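Subject: Structure handover

Hi,

Here is the structure we talked about. Please open it alongside this note.

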Amino acid sequence: AFLSKEIGMIEIEVFPDETQIRIRQAGQRSFHYQQAYLHVPGQRFPRAIQLPMREDAKPYPAGLYTLAADSLLVNQYQSLELSRFNQKLEPIERKA
């Protein structure tokens with residue numbers, strides 16, 4: 001996991017021009033996602049990521065987020081895993 005030394009958690013940013021849900025077609029199926037950016041310590045620029053979204057979900061507004069705890073699960077091999085279709089973000093509140 002990429003942990004921020006400053007706040008001790010994963011930082012994901014949604015930019016103001018990325019506040020809509022996009023749809024990608026793959027045959028008969030469609031996948032809904034929102035573009036966001038993962039801040040990786042030691043790298044100058046954040047990495048683009050696609051957040052899977054449910055069809056009825058509302059897009060995240062612009063801001064800084066971290067992964068919600070229920071975005072993680074333990075798989076059948078007792079290994080920690082990021083949920084493929086249930087990734088949720090929580091806003092990061094910065095202290096002044």
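The model is predicted, so local features need pLDDT of at least 70 and side-chain atom pairs count only at pLDDT 80 or more, while totals for chains, interfaces and linings use all residues. Residues are numbered from 1 along each chain as its sequence is written, and side-chain values use heavy atoms, with hydrogens and water left out.

**The core**

The largest nonpolar core has 10 residues: Ile12, Val14, Ala36, Leu38, Val40, Leu51, Met53, Tyr60, Tyr65 and Leu89. A nonpolar core is a set of buried Ala, Val, Leu, Ile, Met, Phe, Trp, Tyr and Cys residues joined through side-chain atoms within 4.5 Å. Strand 1 (11–14), strand 3 and strand 4 each supply at least two residues of this core. Strands are DSSP runs of E, at least two residues, numbered from the N terminus. In soluble globular proteins, nonpolar side chains tend to be buried together.

**Val14**

Val14 sits in strand 1. Its relative accessibility is 1%, so Val14 counts as buried (under 20% relative accessible area, 1.4 Å probe, protein chains only). Val14 and Leu64 are 50 residues apart in sequence, yet their C-alpha atoms lie 6.5 Å apart. Leaving out residues up to four places away in sequence, Val14 touches Thr19, Gln34, Ala36, Tyr60, Pro61, Ala62, Gly63 and Tyr65. Contact means heavy atoms within 4.5 Å.

**Gln34**

Gln34 belongs to strand 3 (residues 29–39). It counts as buried because its relative accessibility is 0%. The Gln34 side chain reaches the backbone oxygen of Glu18 at 3.0 Å. Beyond four places in sequence, the residues Gln34 touches include Val14, Leu51, Met53 and Tyr60. Leu51 in turn touches residues including Gln34, Ala36, Tyr60 and Leu89, again beyond four places in sequence.

**The pocket**

The second largest pocket holds about 250 Å³ of space. A pocket is an open set of points on a 1 Å grid over the protein atoms alone, where a 1.4 Å probe fits, with protein on both sides within 12 Å along at least five of seven lines; lining residues have an atom within 4 Å of a point. The volume is the space filled by probe spheres set on the points, which are joined across faces, edges and corners.

Among the lining residues are Arg24, His32, Tyr33, Met53 and Phe85. Strand 3 gives the most to this lining, with 5 residues. The lining divides into 5 nonpolar, 3 polar and 4 charged residues.

Best wishes

Definitions and conventions:
Helices (H or I, at least four residues) and strands (E, at least two) are DSSP runs, numbered from the N terminus. Buried means under 20% relative accessible area, exposed over 50%, partly exposed in between (1.4 Å probe, protein chains only). A polar contact is a pair of N or O atoms within 3.5 Å; within protein, one must be able to donate a hydrogen and the other to accept it, and residues adjacent in sequence count only if both atoms are side-chain atoms. Ala, Val, Leu, Ile, Met, Phe, Trp, Tyr, Cys and Pro count as nonpolar, Asp, Glu, Lys and Arg as charged, and the others, Gly among them, as polar.
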